[in-house]
Amino acid sequence: MSQPNDNLRPFKRIKLDHDMSASTSSMTPSSSLRTVPPPVLLVSLPGLVAHPPNHRYYVLSLQISLDALRKCLCLSALSPEIECRAWTGLAELGMRVIASGFSESEDHLWAKGIEIEVDKALSKGAIIAQKHPSLRPFKHHIALLQAQFSHWQHKTKYARTQIRNLISSFLPTDPPYIVYSAHLAAVSLFTSPQSLTSSSPSTAHIGPVPPASPSSRSSPQDIHAALSVTQDMESHAFKHKHHQVALLAQVLRLRILVAANMWPDVAAAIQRVETALGLSYEPSSTPKARKPSAGSSKDAPKPESETMFIMFEDPFEAAMVVHTLVMSVAYFTHVGTSNEASPRLTHLHALLDSGVLDLFPDGLVQIPLPTGPPLIIQSTHPRILFLLAFLISSAAKRDAVGRKPKRKVFAMEGLAACEKKGVPPPLLLPIWSTLGDVEEVEQRLARIKADLMCELLAVSIMRSEFVEAENTLAQLIAHTRNYHIFPLFSARISLHHAHLAHALGNSARALQCYQVAMEHSEEGDFVHVAAQAGIISLDLAGYSNQLAAESRSSKTDRKGKQREISIEPCVSVVTFLRTCRGKGGTLDAIGHILEACFSSEMLKAKQHLKIALSLASSSQDNHLRALILALIASQYFYTARDHCLSTLQTCEQLAAGLGVPLHKGDGSGGFSGNVHLALWIGRHFLGEFRRIIYCKVGILKMMLDIHKQSGQQAETLQRSLNNAKLEEALDALKDRGLAGMQS
């Protein structure tokens, strides 16, 4: 029994030895592992341990990378390439640390003094790259980092001088990607707001500029300089037949024009970009129901509007078309041409439904170039674009009439999407991103959510849904304070407070809120002009009430008093009307309305109201259209009775639709809609009916039939009853407004 056991162990050893010998014999010198030199390993380690900023080991990877590069630079006899790579990598990592805010945090002592180290690394790397012509790509890259670091240090003029010198120093042999990267960096420097200055140099903030307020915009000189850079970039791209780069330059030009409110030049820029993308749209007609008929089959062809949309599979083109459609819808909504905005918005929805955002999940798109590496562009993150689509859809749908107005639906769905987990695209970021990029995405999402709340608040006030409006306003204030963006929305919040108080009949609080909105907004801004319009309308209403009281008390010398009272308001109205020009369809229409109210000639007043009605109809703003129709009806009250009655009927339908409940029977028996306008219409209807019945003209009395008179009297009684209910509702609104002011 001992003999077999002795034979088993040698067989096992022989088998293992045989395998080892076979494996060693099969290895050739070319496939054997070789020792990596320590400088190469240390300079390559940051790329191996890199993580995105939302990874749990992001901070640890930065520390390991910095230690590796520092140890590499302490070694002797480094080659110029390795040393230049190490200094450049140290500068990049240091700037990532600064952008993440670690250098100013007491919890990260390892990042203290990193600014001095970055400055030294940039200087050392630039000297080495300058001495060796083979390291010319490092020279350009370091120059871009120097310009960015100078901008963070509040050396704006020096940074722009650096980027200009870099662009002028390019040779025809330089790779295209670095040329276009320099142009893009120049555009970013010119369009970025001025860095915030501090009281002392020791407390100066070094890093990316925080979200800018509406007042911190670029100067006109900087805007024109940015447009000039984009034009040079486009010309260079067309010269070398880089068509996608030329498309990027055109989209950048459109973005600059929209951000700078240079609306007269936006239409031509949109046309150029759409032509480059192969897009064309037909203005939509008045929206109609698209329900299929009962006899239509399931195999019926789809509507033409759904089959003509172009889909994109290239990530770069997909990103460009999404950005273009968002800006074009915003522009056409601003100027008040809803028939142009509607097909583009429908195309945007079709693209998002097809999953176009999945083509660039982290926001990065590449432009392949004939020579050299591709040009990598970091566009707007898909999560931002996803929620921005709800906001732009809510803003584009101006009509607030109906049971389910689309403006309210899109705003509510957008707010619901902000709260649902997994609905927006995941927050995927490239490995070279920083915590500052994460915070920027979160800040933009917070601002979009606040904008959605503003849209929901505005449509609730229009529809006289005051309980929902008050709740949304409270949530808006809390949200903006939680995310530290209240200064950006303070003017708009004050304007919403004014509109709510104005709708509730609290003129004193409305005037105070209008004045606060003007103080917190930039002169000439939309909020500033809208607040001016509210103050002028309050002055006009108080002036009309004063005239009515004077007419009841004494009718003597009314014209002279009218001229005396209207001198001061008309001075501000003239300035306001001059400001309204070019501020968009809504403010332009409001300017014509007020000009009609202050006009001394009936014909000019009718012309201004006609223009205002055309603007409101083209933008599908039925809330403003109802007011204009009421003013038009008052112009024809004594001259064209039939036209006046038909206009009042249309206006009454719109007033009733502004607040109709979602389901029938939800109104609890009361009036749902605009109480102020409905009561004004009811009183005018009642006055018209009484004028017809109790007419003193004998011929008209003889022509009226007894049955017709009894019908008119019954309608008059019903109208009187409705007016009494509306007066009770109006008193309740006024009590609610006074209670809100006291609370």
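Visitor: At what angle do helix H26 and helix H27 pack, and how far apart are their axes?

Guide: In this predicted model, H26 (residues 622-635) and H27 (residues 641-657) pack at about 155°, and their axes are 9 Å apart.

Visitor: Why is H26 called roughly antiparallel to H27?

Guide: Angles over 145 degrees count as roughly antiparallel. The angle here is about 155°, so H26 is roughly antiparallel to H27.

Visitor: Which residues of H26 and H27 meet, and what is the hand of the crossing?

Guide: H26 passes H27 in a left-handed crossing. From H26 come Asn622, Arg625, Ala626, Leu629, Ala630, Ile632 and Ala633. They meet His643, Cys644, Thr647, Leu648, Thr650, Cys651 and Leu654 of H27. Sorted by class, this contact has nine nonpolar, four polar and one charged residues.

Visitor: What makes helix H13 roughly antiparallel to helix H14?

Guide: The axes of H13 (residues 315-335) and H14 (residues 338-353) cross at roughly 150° and come within 9 Å. The cut-off for roughly antiparallel is over 145 degrees, so H13 and H14 fall in that class. The crossing of H13 past H14 is left-handed.

Visitor: Which residues make the contact of H13 with H14?

Guide: H13 contributes Val321, Val322, Leu325, Val326, Ser328, Val329, Phe332 and Thr333. H14 contributes Glu340, Ala341, Arg344, Leu345, His347, Leu348 and Leu351. They divide into 10 nonpolar, three polar and two charged residues.

Visitor: How do you know that H15 and H17 are roughly parallel?

Guide: Helix H15 (residues 382-396) and helix H17 (residues 435-462) pack at an angle of about 20°, with axes 10 Å apart. Angles under 35 degrees count as roughly parallel, and H15 and H17 are therefore roughly parallel to each other. H15 passes H17 in a left-handed crossing.

Visitor: Which residues of H15 and H17 meet?

Guide: On the H15 side they are Arg383, Ile384, Leu387, Leu388, Phe390, Leu391, Ser394 and Ala395. On the H17 side they are Val441, Arg444, Leu445, Ile448, Asp451, Leu452 and Glu455. The contact of H15 with H17 has 10 nonpolar, one polar and four charged residues.

Visitor: How many residues are in the largest nonpolar core, and which of them have the most contacts inside it?

Guide: The largest nonpolar core has 106 residues. Those with the most contacts inside it are Val245, Leu254, Val266, Val321, Ile367 and Leu476. H17 supplies the largest share of this core, 14 residues. A second, separate core has 34 residues, including Leu42, Val43, Leu66 and Leu135.

Visitor: What is valine 266 in contact with, leaving aside its neighbours within four places in sequence?

Guide: Valine 266 is in contact with Leu254, Leu257, Val258 and Tyr331, with those neighbours left aside.

Visitor: Why is aspartate 588 called buried?

Guide: Buried means under 20% relative accessible area. Aspartate 588 has 19%, so it is buried.

Visitor: Where does aspartate 588 lie, and what does it touch?

Guide: Aspartate 588 lies in helix H24 (residues 585-598). Not counting residues up to four places away in sequence, aspartate 588 touches Cys580, Arg581 and Leu615. Its C-alpha atom is separated by 8.4 Å from that of leucine 577, 11 residues apart along the chain.

Visitor: Where are serine 464 and histidine 484 found, and what is phi in each?

Guide: Serine 464 is in the loop between H17 and helix H18 (466-482), and its phi is near 60°. Histidine 484 is in the loop between H18 and helix H19 (486-503), with a positive phi of about 60°. Most residues other than glycine have a negative phi.

Visitor: What does the protein chain come to in helices and strands, and what share of its residues is buried?

Guide: The secondary structure comes to 30 helices and two strands. Buried residues make up 43% of the 743 residues. Among contacts between residues at least 6 apart in sequence, 67% join residues at least 24 apart.

Note on methods: Residues are numbered from 1 along each chain as its sequence is written. This is a predicted model: local features need pLDDT of at least 70, side-chain atom pairs count only at pLDDT 80 or more; totals for chains, interfaces and linings use all residues. Side-chain values use heavy atoms; hydrogens and water are left out. Axes are lines fitted to C-alpha atoms, for helices over the stretch in contact, and angles run from 0 to 180 degrees between N-to-C directions. Helices (H or I, at least four residues) and strands (E, at least two) are DSSP runs, numbered from the N terminus. Angles under 35 degrees count as roughly parallel, over 145 as roughly antiparallel, 65 to 115 as roughly perpendicular and the rest as oblique. A crossing is left-handed if the near helix is turned anticlockwise from the far one by less than a right angle, and right-handed if clockwise. Contact means heavy atoms within 4.5 Å. Ala, Val, Leu, Ile, Met, Phe, Trp, Tyr, Cys and Pro count as nonpolar, Asp, Glu, Lys and Arg as charged, and the others, Gly among them, as polar. A nonpolar core is a set of buried Ala, Val, Leu, Ile, Met, Phe, Trp, Tyr and Cys residues joined through side-chain atoms within 4.5 Å. Buried means under 20% relative accessible area, exposed over 50%, partly exposed in between (1.4 Å probe, protein chains only).
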